[in-house]
Amino acid sequence: MITIDIEKKLRAYNGLYVLRIKKEFIPGGITRITGPSGAGKSTMLKMIAGLISPDNGTIKANGVIWFDAATNINLPPQQRQIGFVFQDYALFPNMTIRQHLEYATDDHIWIDRLLKIGGLDAFIHQKPHQLSGGQQQRLAILRALAIKPKLLLMDEPFSALDITMKAALITALQVLFAELEATVLIVSHNPQELDGISGDEVEIA
Ligand code: ADP
């Protein structure tokens with residue numbers, strides 16, 4: 001179980017406001033997180049990953065305290081073993097597709113399987129600038145999966161994919177998620193974009 005009960009002061013265009021989130025995410029399940037742009041969805045994912053610290057509250061994962069403002073506990077991101085798909089992909093400009101995955105794991109069978117699922121197996125020697133937006137986004141998804149994460153955080157992960165590609169990828173990803181028994185949080189400002197994904201829905205307003 002991932003339990004978060006946090007507060008964070010955010011700087012919006014019209015001044016400061018406090019984002020308060022109290023949620024439990026079921027282990028091994030998919031949760032779709034929707035809400036308007038600027039609501040704090042990305043900030044929530046980054047706080048769970050340990051990339052941004054809440055001002056107050058706690059984050060617990062399967063009984064382990066990742067963050068507790070009261071006792072100054074703040075587990076670094078690398079100890080949380082999270083897969084993160086960034087909205088802007090955050091790819092490494094000088095690495096090829098295959099190197100992106102080899103950087104994360106030395107399990108070559110798993111790498112080959114991911115490359116096939118993402119439709120990138122014919123492009124393994126290409127670097128990000130040689131790829132289309134959709135290919136870059138798929139690489140960002142595959143890289144996040146390379147470490148076989150128990151918790152996968154995805155920020156607008158399908159925004160650059162066409163409908164056919166997205167549907168095929170979502171079907172294949174759901175098989176992988178079940179195999180990994182991963183808890184998956186998927187953020188989108190557009191709920192329709194997450195059609196075809198079964199799971200809970202949480203709205204951040
Ligand atoms: P969403 O993902 O729902 O579109 P974001 O989480 O990106 O929303 O941003 C919500 C608001 O929080 C924005 O107004 C942004 O300026 C502000 N914000 C983002 N990061 C921080 C931060 N580290 N500290 C304070 N405010 C932030």
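Modeller: Strand E5, residues 64–68, and strand E6 pair in the antiparallel sense over two bridges, where strands are DSSP runs of E with at least two residues, helices are runs of H or I with at least four, both numbered from the N terminus, and two strands pair if DSSP finds at least two bridges between them. The model is predicted, so that local features need pLDDT of at least 70 and side-chain atom pairs count only at pLDDT 80 or more, whereas totals for chains, interfaces and linings use all residues. Residues are numbered from 1 along each chain as its sequence is written, and side-chain values use heavy atoms, with hydrogens and water left out.

One of the bridges can be named: phenylalanine 67 has asparagine 74, in E6, as its partner. The pair of strands belongs to an open, antiparallel sheet of five strands, whose order is E2-E1-E4-E5-E6. Strand E2 (15–25) and strand E6 (73–74) are at the edges, and because each has a single partner strand, one side of each is left without a neighbour in the sheet.

Helix H1, residues 41–49, packs on this sheet and touches strand E1 (2–12), E2, strand E4 (56–61) and E5, contact meaning heavy atoms within 4.5 Å. The direction of H1 makes about 125° with that of E1; the axes are lines fitted to C-alpha atoms, for helices over the stretch in contact, and angles between N-to-C directions run from 0 to 180 degrees.

Turning to the ligand, 13 residues surround it, and the closest are Arg11, Gly38, Lys41, Ser42 and Thr43; a residue is included if one of its heavy atoms lies within 4 Å. An oxygen atom of the ligand is 2.8 Å from a polar backbone atom of arginine 11, and for a polar backbone atom of glycine 38 the distance to a ligand oxygen atom is 2.7 Å. With threonine 43 the side chain takes part, an N or O atom there being 2.5 Å from an oxygen atom of the ligand.

On its own the ligand has 570 Å² of accessible area, of which the protein covers 71%, as computed by the Shrake-Rupley method with a 1.4 Å probe.

Key
A polar contact is a pair of N or O atoms within 3.5 Å; within protein, one must be able to donate a hydrogen and the other to accept it, and residues adjacent in sequence count only if both atoms are side-chain atoms.
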